[in-house]
Each structure stands twice: as C-alpha cells, then as structure tokens.
Amino acid sequence: MIQVREMTPKDYTSVVEVERRNGLVIRNREDWLRICVRNPYRAQGTPMGWVLEDSDQGLVGSFGNLPLSYEWNGERVPAAAGYAWAVDTEYRHYSARLIRRWLRQGDTHLLMTSTASGRVGEILRALKFRPVPHPDYDTALYWITNHRGFAAGALRQLGVPGASWLSRPAAVAVRTMDAFRRSKHHAAPALRRLEGFDERFDAFWLELRRTPDRLLAERTRGALVWHFGGDRLHARTEILALEEGGGLKGYLVMFRYDHEDIGLTRYRIADLQVADDSETACRALVAGALGLAHEQGVHVVELIGFNARKRQALMSLRPRRRKLPSWLFYYRTPSQELGSALGAPSAWDPCPFDGDASL
C-alpha cells in the first residue's frame, strides 16, 4: 500500500535518506528541527510537510512545508514555501499526491518555491504558478575576490590536468582583465561587521515595512536570528551594517555556499536591505562584502535577484554574470487582488532570503 501522511519529527532519518537518494542537500538533525519544528510561523496543526510511504519499503518520498510571514502595505500575508521535494524514481508517478496536500492549505494566501529545479518549474507552471516578475532571476551576478583560487576552481571544472599548478598564470590573466574592468571601490567608513542581530534591526524593520506596494518577508530581529541559524551564525554567515546616528541605514547578510567538488569557495548574498533603496548604501555594503571576502581568501561573492534599482546600483562594481541551470522562483496566490498587484516587478524585491534558499 502507498499512503501520504503528515511528516513528524521522528521521520528525520528516513526523510534524509530519501533526499540523499535523490541528490538533495542534506541538513543535520539540529538544522532540520530548527526549520521544521521550531519555525516561529508554524501555527499549531500546520504540517511540517508530507511523506510518501510504502508499507513494504518505508518512506519513498517527501515534501517540506515552510510557513512564512510576509507583509503587503503593512498587512500580514500568511505564506508557505514548498521545498525539498524528493521521490524515488520508481514512485515518481505518485508525486502529485504530495504537492496536492501542499496546495490545499486553506489559510495560506501565498504559495512559493524559491529553489525550483527545471523539472519542478515545469510542474509548477502547469499548476498555474507564475515566475516571479524579475528579468534576471536565472542569472547570478558575481565578483572574483581571490583570482588564483577562482582560476584553480575553473580549471578543475573544465577537467584540466594540473589545475593547481596552472592556476597561477591563469589568475594573472583574470586579474589583468579585472584591472581593465573596474577601479578599486572602498566601503563607507560607517560600515561595521556584526556578530549578531541586535535591537536596531527591529527599528529598521519598522522603517522598511512602510515601503508602499512591495511584498516583504518579515525581517524583525527574531525572524533574522531564526532564519540564519541562531548560535550557528558565526560558522556560515557574515553580517555587515551601514550605521547612521546610532541606528541602521542598511545591512547585508551573506553565507558560505562553496562548490566543494572543484574547491571553489564563495559567499552568496542572502539579504541586502537599505533605507529608501539608496544606491550609495547598496554599493557601500557590497563593496564591503567584496573586501571582507578578499581578506578571508574566499574566491567569489555571488548575488541572485533583488530589485532593479539595487542591481543597477551595483553595475558600477562591474560584476560578471553566470546563467543558472533553471528558473528558481515561482509563486501562486488564491487572491485575485493580491495576484494582480504581484504581477508588477516593482511589487517584489526577490532574493535568497525568500523561501528556503538561504536557510
């Protein structure tokens, strides 16, 4: 017999095995419990997700459900992100049973997924999900912050023998090209590296949430601490703050997202928020991130998404571009009014902070 049932904390080991068999990134137990069980937006009775169970073989599929809180013009928009959809090959014809459970959440006004593969994207389009209205969400901007490390990683990816030895001359060539591409940019003197999120982030959120006609995930201090892992923060995440008069004018959070197979180390910018979408503040924060990555010897800093004004502000830093394997971000809402509003690109500031992309 094949059945679909709600996921429970006791399913961790079996769910991880399903995900591993299907090539997904594996979370340790503590991280999994933080996301699934200690989610501050998960109301009593809200499913952690669903599993597909064979009475003989055990768990053969899973689908994660991530409750989230968004705001639109100061009003809360209950949301849920689908993630980690994995079904063993011989049971793929049962996959629809899992996603149907996710679609039936009656108290959710916005459904999304921000880490879709190409195949998942095809399924979501067939289910009337819409790509987030962003012209380049399938294109990453990136900056090289360690030329030799980047060159070695690129040569390994190409399968070139002696990549470590050849990385030195290759790095010289790439560095020379960069010298023609841009001049050196300095971060603003008010830029500070933080060890955690303090009470100023609550005050900044009160200012940020007043932005009219823009969908924003909650960014209170508590929400940021939960999202970026609490006590695990220092191991994988960096916070840069642009300070002004004792408060915040903006902040940037980036996390390690290494390509271990080729030895490429990189930061991905998870969140970048500034007062009034200030272009000067955006440039200062990203320039600071590039400087920090360079000091640490990290090879690349990468950025995906964000609104047109922010991306335009960063063009003076002369990023390179990398095409992603698929479109990542889709959404659907049962509200005709909200759906109409979200069709405008100006209604979004989409980034890896949305959904599960930086959890």
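Modeller: Happy to. Helices (H or I, at least four residues) and strands (E, at least two) are DSSP runs, numbered from the N terminus. Alanine 81 lies in strand 4, so let us look there, using the definition of strands as DSSP runs. This is a predicted model, where local features need pLDDT of at least 70, side-chain atom pairs count only at pLDDT 80 or more, and totals for chains, interfaces and linings use all residues. Residues are numbered from 1 along each chain as its sequence is written, and side-chain values use heavy atoms, with hydrogens and water left out.

Buried means under 20% relative accessible area, exposed over 50%, and partly exposed in between (1.4 Å probe, protein chains only). Of the 13 residues in strand 4 (residues 75–87), 10 are buried, so the strand is largely enclosed by the rest of the structure. Alanine 81 is buried too, with a relative accessible area of 0%. Contact means heavy atoms within 4.5 Å. If you set aside neighbours within four places in sequence, alanine 81 touches Gly64, Asn65, Leu66, Leu68, Trp102, Met112 and Gly355. Between the C-alpha atoms of alanine 81 and threonine 115, which are 34 residues apart along the chain, the separation is 9.7 Å.

Next, the strand's partners. Two strands pair if DSSP finds at least two bridges between them. Strand 3 (residues 58–72) pairs with strand 4 in the antiparallel sense, over 11 bridges. One of the residues involved is glutamate 71, whose bridge partner in strand 4 is arginine 76. The hairpin of strand 3 and strand 4 has 2 residues between the strands, and asparagine 73 there takes a positive phi near 50 degrees.

Helix 3 deserves a look of its own. Its residues Ser95, Leu98, Ile99 and Trp102 are buried. They cover an arc of only 90 degrees around the axis, which puts them on the same side of helix 3; the arc is that of the directions from the helix axis to the C-beta atoms. The buried residues of helix 3 pack against strand 4 as well as strand 1 (2–6), strand 2 (49–54), strand 3, strand 5 and helix 4 (118–126).

Trp102 also leads us to the core. A nonpolar core is a set of buried Ala, Val, Leu, Ile, Met, Phe, Trp, Tyr and Cys residues joined through side-chain atoms within 4.5 Å. The largest one has 106 residues, and those with the most contacts inside it are Trp102, Trp143, Ile269, Val286 and Leu342. Another core, of 6 residues, lies apart from it and includes Ile144, Ile262, Leu264 and Val300.

Of its 359 residues, 55% count as buried. Among contacts between residues at least 6 apart in sequence, 72% join residues at least 24 apart.
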